[in-house]
Amino acid sequence: MIKKAIKKPAAKKAVAFKYAAPSAKRVCLAGSFNNWDAGFLSAKKDAKGNWAVKINLDPGRYEYKFVVDGSWINDPNCKETAANNLGSANSVLVVK
């Protein structure tokens with residue numbers, strides 16, 4: 001009898017997203033990982049005006065943007081982008 005190796009699903013990884021916006025009132029994270037919900041993942045602001053939010057993601061490729069006081073903004077620290085159907089681009093994150 002031959003047994004097949006059962007492949008365990010890859011573990012989720014904690015991913016931190018950071019955005020510097022000292023004068024912002026609210027920063028959220030929206031992307032393909034949360035159905036582009038602009039208000040679901042709120043970032044927390046530190047004393048220096050840096051905003052951060054951590055989420056657990058499965059391995060894969062994700063597109064995202066920050067929503068800063070209602071404006072959709074790409075991550076300035078992200079090197080990869082992908083065109084979207086709105087005529088602009090989204091930031092891209094690959095979780096391994």
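This report walks through the nonpolar core and the salt bridges of the structure above. Keep in mind that the model is predicted.

Let's start inside. The largest nonpolar core has 21 residues, and the ones with the most contacts inside it are Phe17, Leu29, Phe33, Leu57, Tyr64 and Phe66. Where do they come from? Strand 1 (13-20), strand 2 (27-31), strand 5 (50-57), strand 6 (60-68) and strand 9 (89-95) each supply at least two residues of this core.

Take leucine 29 and skip its neighbours within four places in sequence: it touches Phe17, Asn34, Asp37, Leu41, Val53, Ile55, Tyr64, Lys65 and Phe66.

Now for the charged side chains. Side chains of opposite charge can pair when their charged atoms come close. Here the count comes to three salt bridges:

| Salt bridge | N to O distance |
|---|---|
| Lysine 12 and aspartate 58 | 3.8 Å |
| Arginine 61 and glutamate 63 | 3.3 Å |
| Glutamate 80 and arginine 61 | 3.8 Å |

What does the pair of lysine 12 and aspartate 58 tie together? Lysine 12 lies in the segment before strand 1 and aspartate 58 in the loop between strand 5 and strand 6, so their bridge links parts that are 46 residues apart in sequence. Lysine 12 is exposed at 52% relative accessibility, while aspartate 58 is partly exposed at 35%.

Glutamate 80 sits in the loop between strand 7 (71-73) and strand 8 (81-83), and arginine 61 is in strand 6, so this pair ties together parts 19 residues apart in sequence. Through shared partners, salt bridges join Arg61, Glu63 and Glu80 into one network.

Conventions
Residues numbered from 1 in each chain as written. Predicted model: local features only at pLDDT ≥ 70, side-chain atom pairs only at ≥ 80, totals over all residues. Heavy atoms only, no water. Core = buried A, V, L, I, M, F, W, Y, C linked by side-chain atoms within 4.5 Å. Buried < 20%, exposed > 50% of the residue type's maximum accessible area, 1.4 Å probe, protein only. Helix = DSSP H or I, 4+ residues; strand = E, 2+ residues; numbered from the N terminus. Contact = heavy atoms within 4.5 Å. Salt bridge = Lys/Arg side-chain N within 4 Å of Asp/Glu carboxyl O.
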